[in-house]
Amino acid sequence: MSGTRSLGRRFGWLWAAYGVSAFGTSLSFGAFPLIAVVVLHAGPAAVSALAAAGLAVGAVVAAPLGPWVEFRRKRPVMVAMDLVRFAALLSVPTAYALGALTFVQLLTVSVVVSAADITFGAASGAFLKHLLPAEDLLVANGRFEATNWTSIVVGPPLGGAAIGVFGPVTTLVADAVSYLLSALGLRAMGGGEPLPGKPAAAAKGSLLEGWRYILTSPALRPLFFNTVLVNTLIMVPVPLLTVLMLGPLGFAPWQYGLAFAAPCLGGLLGSRIARPLVDRYGRHRVLIVSGVLRVCWPLGLAFVGPGTAGLVLVMVIELGVITSCGVFNPVFATYRLDMTPTDRVTRTLSAWSITGKLTTAALTALWGLLAGPIGTRTAIALAGLLLLATPVLLPWRPAAAKDEPQDALPSSAGSAGAVGSP
């Protein structure tokens, strides 16, 4: 079967590196807002500001890195970003142990990690397109997606238990170490990665080239607006829900972790069935149906109450969202790579990610401010209502052949042998 066939030793190391960092990140799920609430006694506005400022400033810091990375070897960049995240995250438990942890440090680390996330993601997307032929990209993205959701099933409950036993910064130590192990895994891939050639005049340019390509592409433009808005409106209520569940509703950290971990079994299922669904119904239909289904659930979070019933409600809602996303995400990620020319992948992914993070930052800050006058639950409900309008931005018509980049198929399939030896 396509979902179980080997994609090669080098992909195996890449997958292992992704897996260990994903599990580390899942262990520390919600660690920053939790530390802000439990250790620094921050309120809803401060927690929202922490999330918003970290994303926004991190995106600005990462902006000049996209064009710089485009024409450089991707694997060393990925290793460097792992090491940066390792050092930044480890500074938090160190400061906590010394009694010197401050809100400013949390904010600074959030900025550094956000910038490194954007840069790593853009480099890894370009690296994957070179590493594998086009027909294997959906299989690879499905495996990454399955690994991500599996890690979230296991990580948050273990992280919540670890916090209860060992203290609030324990999971950040694990997350930091996971990035170090990821860097070692990327180094273990071996071989040499050819330096990309000097950019031609048409390919040369700043990060604006990434936005220009997205906005002029009939295939990518609707998905760009849809995914940015959907991801943002799913994320903006999270700090408010954290405060609501850990504060007035009285949930313990392990319950908070469980509420978001158990439903991730749906993401594992979704990522496993994405390829069979595409084979049976076609990529475009699967993209549209899963894209609509993922926005139908979050409105229910406004009605979460205390106790077992409230916990079950959160889990059911998250199960619906995550199962739909588990199907949508690998199909979308593969489609985006296929529709992006090889010499613009890094800048396109950087521009996409930066836009998403800046939008999320702005709306997260806005929602934190709105929660004061209109109430936390009303602010959560507003995000859910707006999500219901986003399907109009999906690409309801399949992309025409003329909309595909000229090098889409040749570069994806033909470059695997040349650039796939890192």
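This is a predicted model: local features need pLDDT of at least 70, side-chain atom pairs count only at pLDDT 80 or more; totals for chains, interfaces and linings use all residues.
The charged end of Arg-294 sits over the ring of Phe-328, at 3.8 Å from the ring centre. Phe-328 itself counts as buried, since its relative accessibility is 1% and the cut-off for buried is under 20%.

A pair of aromatic rings is described by the distance of the centres and the angle of the planes. For Phe-328 and Phe-332, the centres are 5.6 Å apart and the planes meet at 15 degrees, so this pair is stacked; planes under 30 degrees apart count that way. Phe-332 is also buried, with a relative accessible area of 9%.

Next, select Trp-352. Its ring centre lies 5.6 Å from that of Phe-332, and with the planes at 55 degrees the pair is tilted. Is Trp-352 buried or exposed? Trp-352 is buried, at a relative accessible area of 5%.

Which residues do ring pairs link into a cluster here? They are Phe-224, Phe-225, Phe-328, Phe-332 and Trp-352. The count of aromatic pairs in the model comes to seven.

For the last stop, clear the selection and pick two helices: H1, residues 9-27, and H7, residues 137-166. Two packed helices are described by the angle between their axes and the distance between the axes. The axes of H1 and H7 come within 7 Å and cross at roughly 30 degrees. H1 and H7 are therefore roughly parallel to each other, as angles under 35 degrees count as roughly parallel. Seen as a crossing, H1 passes H7 in a right-handed sense. Colour the residues of this contact by type: 13 are nonpolar, eight are polar and one is charged.

How values were computed
Residues are numbered from 1 along each chain as its sequence is written. Side-chain values use heavy atoms; hydrogens and water are left out. Axes are lines fitted to C-alpha atoms, for helices over the stretch in contact, and angles run from 0 to 180 degrees between N-to-C directions. Helices (H or I, at least four residues) and strands (E, at least two) are DSSP runs, numbered from the N terminus. Angles under 35 degrees count as roughly parallel, over 145 as roughly antiparallel, 65 to 115 as roughly perpendicular and the rest as oblique. A crossing is left-handed if the near helix is turned anticlockwise from the far one by less than a right angle, and right-handed if clockwise. Ala, Val, Leu, Ile, Met, Phe, Trp, Tyr, Cys and Pro count as nonpolar, Asp, Glu, Lys and Arg as charged, and the others, Gly among them, as polar. Rings of Phe, Tyr and Trp (its six-membered ring) pair if their centres lie within 6.5 Å; planes under 30 degrees apart count as stacked, over 60 as edge-to-face and the rest as tilted. Buried means under 20% relative accessible area, exposed over 50%, partly exposed in between (1.4 Å probe, protein chains only). A charge sits over a ring if NZ of Lys or CZ of Arg is within 6 Å of the ring centre and within 35 degrees of the ring normal.
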